[in-house]
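Please inspect the sequence and structure below before reading on.

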There are 2 protein chains.
Amino acid sequence: MMLKRSWIESANSAQTPFPLNNLPYGVFSVDEGDLRCGVAIGDRIVDATGLEAAGLLRPDPHADVLDAPYWNDFMELGPDAWAAYREALTGMLAENADDAAQDAILTYSVKLAEAELHLPFKVSEYTDFYAGKNHAFNVGTMFRGPENALPPNWLSIPIGYNGRASSVIVSGAPVRRPWGQLKAPDADLPVFAPCKRFDLELEMGAIVGQPSSAPVTVAEADAMIFGYVLLNDWSARDIQAWEYQPLGPFQAKATATTISPWIVTKAALEPFRTPTPERERPLPDYLQEPGPMLYDIDLSVTLAPDGKKATTITRTNYREMYYSAAQQLAHHTTSGCPMNVGDLLGSGTISGTGKYTRGSLLELSWGGKEPLTLDSGELRSFLEDGDTLTLHGAARGDGYQIGFGECTGTLLPALEDPYAR
Amino acid sequence: MMLKRSWIESANSAQTPFPLNNLPYGVFSVDEGDLRCGVAIGDRIVDATGLEAAGLLRPDPHADVLDAPYWNDFMELGPDAWAAYREALTGMLAENADDAAQDAILTYSVKLAEAELHLPFKVSEYTDFYAGKNHAFNVGTMFRGPENALPPNWLSIPIGYNGRASSVIVSGAPVRRPWGQLKAPDADLPVFAPCKRFDLELEMGAIVGQPSSAPVTVAEADAMIFGYVLLNDWSARDIQAWEYQPLGPFQAKATATTISPWIVTKAALEPFRTPTPERERPLPDYLQEPGPMLYDIDLSVTLAPDGKKATTITRTNYREMYYSAAQQLAHHTTSGCPMNVGDLLGSGTISGTGKYTRGSLLELSWGGKEPLTLDSGELRSFLEDGDTLTLHGAARGDGYQIGFGECTGTLLPALEDPYAR
């Protein structure tokens, strides 16, 4: 768990999210040019598409898998190719790299600060889980009381639902407050109006890098996962409350899901593996973990009202999950459901046990009854127009960290008339 | 609503599902050759890919949109191109077509009986609705009694959930009985075992042919729909019962969804438009229909035990739906959820009011309490291994019908050990 030193000096800082140990995969453009695959290192982005085209570093000798605005074709190559590419790139960036390697990288890299970042992969399908026990307990307590907080199936199944891949956007893209059907408890009929309880959900996203067409074990599922991102599953609580029975959330979760721009590979996170918490009820065999499948990743969320300073509203850790992404993926395949490269699995909201460790405003303000006080003095039960919400994540090693880049979005006001053209 | 006569004699029969009035779009191959776009007419398939490549009928003068194993690129062109192509093809197939047209068609067509059919479009995302009132009432009555049968939101929202696009298969592909978590009411813990209550759901599927990035009206939604297919949303009732609270069906619906191989265009169905039933509660403005948006399509289902004759187990009609696909699509966009070409919307199970008009075995056998007797004398509460289930659909005009082709699948036994490799 020591820092690997690079000849790119900015990558050797304990503060950079992108040391040589990380090498996360993203998609970038410069000056509105083509979208290209890139790898972050310190304050630079290595132009992986350029290195491939120049024949300097080819993931596949027979095909240009990086001549695309996404990493999906690279993922298709599979774990051996993933490992070989990472090793080769590590060699070219390590402090003892030869002159030819350094020349290649200097020719094919840009400053991170000058690049625009895009979705790093083409999202095939998106599934969101509900696998954080503290979150499920908090939400259940609000709606059904602490005795019936956890649904009867919760300790046996990584509960999940299919989300909407088309709504996944990259960090920085604004989010428009949605309209939807809202029904007050004492009203006879719903009204169609802008959402009043717009919220975040602090999650990690796992990216499926290999396909399956039959049920897979947890070990096989772990091997299929390519990497992880931060994920904010924006949620319209009032729309959800009225629509979600009996078939689950639908439009409440379809406005947007923001992910961080860098895919942090499983390889980079390997030193931070940690087991899921002790089981409170025996799991079926197919969900048993053969080893530690969660990761020790510090997470936090900041909220900045329009034009004001940001306040950290929560701090937690990915190891709070009851189910790992590998368990979720294994469960996802039990029915024979085919999984594809580019499928995205949201972990579910990650909450700790303390008040300021909760991963949603619903929990932080306890359904709006206990508004948060921000550093600016403003109160928040749910998000206000102009608020900028940012998720941060880092796995912390000895003198280095594995960062994800920000996962941020600003809430725009609802359209006055969504049907005006 | 009269038959349009073709020089292809088999298209003039009152029995053919594919008269000149229909011209449905599919994907076919012959002798394990390339997958090509085709149009059914009588007992033939017009090789639309071949006509395009030869310059004899080009939907887009500037690009080969049919040089693909799906109709998505054609759909991208939009309604004007859809209409122009249909008109041109109708001209080449009409009884007064000139010799050049007839030669072109004879050169570029194959016998339907000699072709293998494939998925007609690339399914982008799949949403399934719950918009048949009789079905919702039946299921609700079984679980909650007739007073609380319909959820409170049901008469205001076309309830839907996101399904799994990767599980959509074409008619004829077998379906493997899934494993899943099952919990007996008196058991403490679930078991992981093969599903015992595997069922069908008789539905129509609507195919989105134009994208949207903002909320759309019902009229706009109707214009975005390219066509319709028959759809069987195979359902594992016992898996569903244990998993679906609180976030909806997941693995219970992910084994397979079978669609018929021909996209019947909205243009072909135009004479059969019919309004949705009278509203029992006022709808929000955004769900108001500007005209008739359902279609008068006779539907039936046959069940054939392994090696035995088929029994018709239900007959109903698409006009039984409470919400049209256009209303569903309009609702789908309210949150700002982007819709894409190739999105598939399942109508929800279609049931009439009479016993043998119900669209699922769950309803037909009333939760297994009143097994059906098949013509072979066998009883059925749910599907048995080897059963072949077939959906049939036809809109009936004056001396002709608009058919969909069969939507069929045979249930294979569960794997003995889903993890054996």
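## Domain interface in chain A

Chain A is divided into domain 1 (9–118) and domain 2 (126–412), with bounds that come from an automatic or database domain assignment. In this predicted model, local features need pLDDT of at least 70 and side-chain atom pairs count only at pLDDT 80 or more, whereas totals for chains, interfaces and linings use all residues. Residues are numbered from 1 along each chain as its sequence is written, and side-chain values use heavy atoms, with hydrogens and water left out.

| Quantity | Value |
|---|---|
| Distance between C-alpha centres, domain 1 and domain 2 of chain A | 29 Å |
| Area buried between domain 1 and domain 2 of chain A | about 2,000 Å² |
| Residue pairs in polar contact between domain 1 and domain 2 of chain A (both at pLDDT 80 or more) | seven |
| Salt bridges across the interface of domain 1 and domain 2 of chain A | zero by the rule |

Buried area is the accessible area (1.4 Å probe) that two parts lose on being put together, summed over both; a polar contact is a pair of N or O atoms within 3.5 Å, where within protein one must be able to donate a hydrogen and the other to accept it, and residues adjacent in sequence count only if both atoms are side-chain atoms. A salt bridge places a side-chain nitrogen of Lys or Arg within 4 Å of a carboxyl oxygen of Asp or Glu.

Carbon and sulfur atoms give 68% of the area buried between domain 1 and domain 2 of chain A, and A:Tyr25, A:Met75 and A:Trp82 supply 28% of the area that domain 1 buries against domain 2, more than any other three residues.

Notes
Chains are lettered from A and ligands numbered from 1 in the order in which they are written.
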